[in-house]
Amino acid sequence: MMIKIHKQSYRYFYQLIDLLTACFVGFWLGVLDRNSMYQIDQQFYDSEAIYRDEEYNQSGFWEWEFKAIQTHFQTCKTILLAGAGGGREIFALHALGYEVDAFECNPNFVKFANEFLQKHQINCTIQIAARDTCPIYEKIYDGLIVGWTAYSLIQGRQTRIDFLKQMRDRVKSGSPILLSFLYAYKSAKYYKMISTIANLIRAIRWQSKTEIGDFILPENFVHYFSKEQISSELKEAGFRLEFYSELDYGHAVGIAE
């Protein structure tokens, strides 16, 4: 009997934690507007020194990144990289022989990365870009990469699709795109509870609705994806889902149609 009570108590305890977390996150998603969440995000990345650390940016690909590049980008020579950060992916791609153009919305990252790449004699200049947009490039590339987790930082399904469409315009049919993201590790009911609480508050404030999967961490806004969401957003932007995995880290490869 005591063992049974012990197990049940743990289940109720974690259910209570989920409920309290959903209320807390839902409240802040309801109160904070888009600009406020962007400011929180920028303050976090401006203060996080690791992304402007030389050793980190020379560390190369994560294992899942390397496998995805080796498997799906074998025929590519030129790559357009979004969300370049401090230059880690560019450094790793250059070591594999790829030609890379890149852009980034954080000015501090752009400054560090361009100095870092110049120091290591890598012929790539990172362009500053407005957040959630792809700059206009005259060149057509063989492949596309959206930098580590950057896709989860874009608020709003339509904003993400518009961004992917802008990327799609820079490649020909049959070209791959690599996305990495935070995947939904809890039940759909949990994320729905958060959005319901947030949208009740937003309705009072005449704000646009949040989406199921939206979440706010201490450091920034993120969106947690299901496989169906990734597939659907890729499809609307002109890609078909070729590969999806939650192993090691959430990532997917789409093919331009």
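**Figure 1. Helix α7 of the predicted model spans residues 157-168.** The helix has 12 residues and reaches 16 Å from its first C-alpha to its last, close to the 16 Å expected at 1.5 Å a residue. Its buried residues are Arg160, Ile161, Phe163, Leu164, Met167 and Arg168. These residues lie on the same side of α7, because they cover an arc of only 160 degrees around the axis. An α-helix has 3.6 residues a turn, so residues three or four places apart point the same way.

**Figure 2. A nonpolar patch on the surface is formed by Tyr10, Phe13, Tyr14 and Ile17.** Together, the four side chains named in the title belong to residues with about 410 Å² of accessible area. Tyr14, one of the members of this patch, is located in helix α1, which covers residues 2-31. Tyr14 counts as partly exposed, because its relative accessibility is 46%, a value between the 20% limit for buried residues and the 50% limit for exposed ones.

**Figure 3. Trp64 is a buried residue of helix α4.** Helix α4 comprises residues 63-72. Trp64 counts as buried because its relative accessible area is 7%, and the cut-off for buried residues is under 20%. When residues up to four places away in sequence are not counted, Trp64 touches Trp148, Ser180, Asp248, Tyr249 and His251.

**Figure 4. Trp64 and Ile122 are shown with their separation in sequence and in space.** The two residues are 58 residues apart in sequence. From C-alpha to C-alpha, Trp64 and Ile122 are 24 Å apart in space.

Methods: Residues are numbered from 1 along each chain as its sequence is written. This is a predicted model: local features need pLDDT of at least 70, side-chain atom pairs count only at pLDDT 80 or more; totals for chains, interfaces and linings use all residues. Side-chain values use heavy atoms; hydrogens and water are left out. Helices (H or I, at least four residues) and strands (E, at least two) are DSSP runs, numbered from the N terminus. The expected span of a helix is 1.5 Å times one less than its number of residues. Buried means under 20% relative accessible area, exposed over 50%, partly exposed in between (1.4 Å probe, protein chains only). The arc is that of the directions from the helix axis to the C-beta atoms. Patches are made of residues with over 30% relative accessible area and no salt bridge: like charges are joined within 9 Å, nonpolar side chains (Val, Leu, Ile, Met, Phe, Trp, Tyr) within 5 Å. Accessible areas come from the Shrake-Rupley method with a 1.4 Å probe; for residues, only the protein chains shown count as cover. Contact means heavy atoms within 4.5 Å.
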